[in-house]
Amino acid sequence: MAKIRAVLDTNVLVGKYRRALLAAAGLGIFEMILSPYILAEVRDVLTGDFKVPEDLATRFIAELEAIATVVDEREVCGGNYDEWLSDHDDYPVMATAIVGEADYLVTEDKDFLPKKKFAGTTIITATAFAARMKICLAK
């Protein structure tokens, strides 16, 4: 049986369930798919919004890269994103899922969540993904 492939959106990678989901990815429970765009966005959120020192943000990004499969979201050209996504910043996240052939896009972004599936990728919240993968989200 093939391993489940999942893109974790920035809001999940810096959110309250990150530890459990990253531990599960590190243990090989699922394959985490990321892209340079998502990694740069994580760095920007950490150093900007959360005021994390640059050296700690760099270490966190390196740890993400060590346990993730990193794909180039720019490999997707074109598409009908305008009809489907209202936020242009979400295009590269969806492109990451498409290029990475992800089964799931795990996000808390309300622009994604009304949609159930796009290009073969199921869009799901962190709690719903954890439940499907039997990952404990203890706080």
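In this predicted model, strand β2, which covers residues 31-34, pairs with β3 in the parallel sense, and 3 bridges link the two. Along this pairing, methionine 32 is found opposite alanine 68 of β3. As a reminder, strands of a sheet pair through backbone hydrogen bonds, and they can do so in a parallel or an antiparallel manner.

Stepping back to the whole sheet, β2 and β3 belong to an open arrangement of 6 strands, whose order is β3-β2-β1-β4-β6-β5. The pairing within this sheet is mixed. Strands β3 (68-70) and β5 (117-118) stand at the edges with a single partner strand each, so one side of each has no neighbour in the sheet.

Next come the helices. Helix α4, made up of residues 54-67, lies across β2 and β3, and its direction is at about 90 degrees to β3. Helix α4 also meets another helix. Two packed helices are described by the angle between their axes and the distance between the axes. Here, the axes of α3 (residues 36-49) and α4 come within 10 Å and cross at roughly 150 degrees. Because angles over 145 degrees count as roughly antiparallel, α3 is roughly antiparallel to α4. The crossing of these two helices is right-handed.

A closer look at the side of α3 that takes part shows Leu39, Val42, Arg43, Leu46 and Thr47. These residues meet Glu54, Ala57, Thr58, Phe60, Ile61, Leu64 and Glu65 of α4. Sorted by class, the contact between α3 and α4 comprises 7 nonpolar, 2 polar and 3 charged residues.

Technical notes
Residues are numbered from 1 along each chain as its sequence is written. This is a predicted model: local features need pLDDT of at least 70, side-chain atom pairs count only at pLDDT 80 or more; totals for chains, interfaces and linings use all residues. Side-chain values use heavy atoms; hydrogens and water are left out. Two strands pair if DSSP finds at least two bridges between them. Helices (H or I, at least four residues) and strands (E, at least two) are DSSP runs, numbered from the N terminus. Contact means heavy atoms within 4.5 Å. Axes are lines fitted to C-alpha atoms, for helices over the stretch in contact, and angles run from 0 to 180 degrees between N-to-C directions. Angles under 35 degrees count as roughly parallel, over 145 as roughly antiparallel, 65 to 115 as roughly perpendicular and the rest as oblique. A crossing is left-handed if the near helix is turned anticlockwise from the far one by less than a right angle, and right-handed if clockwise. Ala, Val, Leu, Ile, Met, Phe, Trp, Tyr, Cys and Pro count as nonpolar, Asp, Glu, Lys and Arg as charged, and the others, Gly among them, as polar.
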